[in-house]
Amino acid sequence: MSRPTTIKEALSRWSTENEGKDPTLAKDVQLQFQWPPVEKMDGTLSTLVECEKLSLSSNMIDKVIGLSGMKNLRVLSLARNYIKSLNGIESVGETLEELWVSYNLIDKLKGVESLKRLKVLYIGNNSIREWGEFNKLQAVSTLEDLLFAGNPLVESIDEAAYVREVQKRLPTLRKLDGENMLTEED
């Protein structure tokens, strides 16, 4: 089997595919579907100081690291990897507005409370089993759109009860699993 692609190699490939553009000046950097896949995020990502949207989806990443220099990051896509927790996300907590981490192995939401501007969280098809973990989302007062379907917690309860529980726990949520939430004002 070939050795994994490094972030440095993926950025070099991105530059070649984008007519020699410097990735450190780019606002949108797409590194998904690398072959061989990226297995590790690293400090090379911190050179992407202008980046507002970063995609590393469909790789083999298991930890969130290396984001500390990304002071403009608003959208981060890490879907379809092997990520087990959100530890490491705190370094972009002041800017991140959208986090796409569906189809991973996440079972704990520690770190989500640091995301002060998060509006969109796609975390469906992970391993979250307990309302205690779900309740950590209450610390994210800006959250408007949540995709949570496919987690064991959802699968263990009927749909109407699930929606009621989410409304009770996250009353300002506007969209759940792609459906508009009914509020008193509607």
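**Group meeting: a walk through the predicted model**

Let me start with the sheet, which is open, has eight strands in the order β1-β2-β3-β4-β5-β6-β7-β8, and shows mixed pairing. At its edges are β1 and β8, the latter covering residues 179-180, and each of these two pairs on one side only.

Which residues touch the most other members of the largest nonpolar core? In that core of 51 residues, they are Leu-54, Leu-67, Ile-89, Leu-99 and Leu-146. The elements that each give two or more residues to the core are α1, α2 (131-134), α3 (152-155) and α4 (159-169), and of these α1 gives the most, with four residues. In soluble globular proteins, nonpolar side chains tend to be buried together, as a general matter.

If we take Leu-67 and leave aside its neighbours within four places in sequence, its contacts are Met-41, Leu-45, Leu-54, Leu-76, Gly-88, Ile-89, Ser-91 and Val-92. Two of the residues on that list, Leu-54 and Ile-89, also belong to the group in the core that touches the most other members.

The next residue in the chain is Ser-68, which lies in the loop between β2 (53-55) and β3 (75-77). Is Ser-68 buried, partly exposed or exposed? Its relative accessibility is 44%, so Ser-68 counts as partly exposed. Not counting residues up to four places away in sequence, Ser-68 touches Ser-46 and Ser-91, and Ser-91 is also among the contacts of Leu-67. For a sense of distance, Ser-68 and Tyr-82 are 14 residues apart along the chain, and their C-alpha atoms are separated by 21 Å.

Now to helix α4, where I would like to pick out Arg-169. Why does Arg-169 count as buried? Arg-169 does so because its relative accessibility is 17%, and the cut-off for buried is under 20%. The side chain of Arg-169 makes a polar contact of 2.7 Å with the side chain of Asn-135. Asn-135 is also one of the residues that Arg-169 touches, along with Trp-131, Phe-134 and Gln-138, once residues up to four places away in sequence are set aside.

Finally, some points about the backbone in the loops. Between β1 (28-30) and β2 there is a loop that holds Pro-36, and the peptide bond joining Trp-35 to Pro-36 is cis, with omega at about -10°. Phe-33 lies in the loop between β1 and β2 as well, and its phi is near 55°, a positive value in a residue other than glycine. With a relative accessibility of 64%, Phe-33 counts as exposed.

Glu-19, in the loop between α1 (7-17) and β1, likewise has a positive phi, of about 55°, although it is not a glycine. Is Glu-19 buried or exposed? Glu-19 is exposed, with a relative accessible area of 78%.

How values were computed:
Residues are numbered from 1 along each chain as its sequence is written. This is a predicted model: local features need pLDDT of at least 70, side-chain atom pairs count only at pLDDT 80 or more; totals for chains, interfaces and linings use all residues. Side-chain values use heavy atoms; hydrogens and water are left out. Buried means under 20% relative accessible area, exposed over 50%, partly exposed in between (1.4 Å probe, protein chains only). Contact means heavy atoms within 4.5 Å. A nonpolar core is a set of buried Ala, Val, Leu, Ile, Met, Phe, Trp, Tyr and Cys residues joined through side-chain atoms within 4.5 Å. Two strands pair if DSSP finds at least two bridges between them. A polar contact is a pair of N or O atoms within 3.5 Å; within protein, one must be able to donate a hydrogen and the other to accept it, and residues adjacent in sequence count only if both atoms are side-chain atoms.
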